[in-house]
Amino acid sequence: TTGVIEAWDAFRDEHVFRHLPGILRQLGYYGIEFGPRNQATTHAKNLRQGFHQVNAHKLRAENLPLLGWLGRAFPAEGFLAAEIAQRLGERIAHAFGLADMEDSYELLTKGPSQGASDEKLIARLREALDRAPRPLFVNVHLMDTHTPYQPRQPQFSLPQNGGPGWPNRYDDVIGEFDRWVETIVLHLEAIGELDKTVLIVNSDHGELWATHQRLPLLIRFPHGENSGTLEPNTQRIDIAPTILDYLGVETPAWMEGQSLIADAIDPLRLIVSVGRRESSGACLLKSVALTQCQRRFDLRLDGSEELATLGIEGHTAPCPEASLLSESEAREFLRQRLAGFDT
């Protein structure tokens, strides 16, 4: 819908200002985001008037009167001007020894010893929880579960437990992610805010960019409210309307997804996702998929328009086969969904 699919894409037009952080900001929330700047932060994708800080940097540039007007009137040009102003300020600070600059390439290629590792992001998060204004909205994008998988406390990848193979190291870094979550839960308990906090753990994909695997989506509400397990398929765009519903705020008509605490989830709902492939070191769009209950239709975008029908392994609430779309129905749905979109 937004056109933000590849790493180099950025929000355009009305999507620049249509987002959950912006709604929460209007409600008085102070917004902070932590993550690898040039890969996963919303600011780098031209999401404007949302977070107040990104990676401990206050977003002063977009709040300057001239740049703020330019960003609203001309989102693309405003994005470029704000980025130039922000980066120029960082370079001047670096030149005078006032701050270090992050190397986005090293963040992704040289492991947790370089740049904003998860350990550093969690330290920044704990500091923000202690000092930031309230009410507070924080988004943290942890990256150590991405390659090259360098666990700090290896367990599965020790020689006696299978050795340093890819699956074992992947299990190790997932275990470390779990420990970071535990760290934050214990910190929220220690400062008396666990039951004043909605804590959400989710992932955008599984191993090797797979979106057809079972992915974590866990939400803990204060005092254990709304506890339980949902069996129908959910998706990440359900998170925003769920938060607004919990806060008693009406969901805007433009916001997709549905609240997971108010509405019964239709097990036959249609979920669209994209697949990727490696090509000369780049991760490129390969296919678009339609998931319905335990069935997945994968339409290739290489010119062949080949449609594969696959099952979802480990699905816990399969639907009657007769109620699922046929291949021809799925193909037509995807064609309409892609109409006007340049792939």
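Arg134 and Glu193 form a salt bridge through their side chains, with N and O 3.1 Å apart. A salt bridge here is a side-chain nitrogen of Lys or Arg within 4 Å of a carboxyl oxygen of Asp or Glu. Arg134 sits in the loop between helix 6 and strand 4 (136–140) and Glu193 in the loop between helix 7 and strand 5 (199–202), so the pair ties together parts that are 59 residues apart in sequence. Helices (H or I, at least four residues) and strands (E, at least two) are DSSP runs, numbered from the N terminus.

The model is predicted: local features need pLDDT of at least 70, side-chain atom pairs count only at pLDDT 80 or more, and totals for chains, interfaces and linings use all residues. Residues are numbered from 1 along each chain as its sequence is written, and side-chain values use heavy atoms, with hydrogens and water left out.

By this rule there are 10 salt bridges. Including the pair above, these are some of them:

| Pair | N to O distance |
|---|---|
| Arg134 and Glu193 | 3.1 Å |
| Arg220 and Asp195 | 3.1 Å |
| Glu305 and Arg335 | 3.1 Å |

Glu305 lies in the loop between strand 9 and strand 10, while Arg335 is in helix 9, 30 residues apart. A network of salt bridges links Glu119, Asp144, Arg152 and Glu176.

Burial is given as relative accessible area: buried is under 20%, exposed over 50%, and partly exposed in between (1.4 Å probe, protein chains only). Arg134, at 38%, is partly exposed, whereas Glu193, at 18%, is buried.

The whole structure has 1 disulfide (a pair of cysteine sulfur atoms within 2.5 Å). The disulfide joins Cys293 to Cys319, with an S to S distance of 2.0 Å. Cys293 is in the loop between strand 8 (282–292) and strand 9 (295–300), and Cys319 is in the loop between strand 10 (307–311) and helix 9 (327–338), 26 residues apart. The torsion about the S-S bond is about 90°, so the disulfide is right-handed. Cys293 is buried at 1%, and Cys319 is buried at 10%.

A nonpolar core is a set of buried Ala, Val, Leu, Ile, Met, Phe, Trp, Tyr and Cys residues joined through side-chain atoms within 4.5 Å. The largest has 15 residues, of which Ile32, Phe34, Ile122, Leu125, Leu129, Leu136 and Ile184 touch the most other members. Helix 6 gives the most to this core, with 5 residues.
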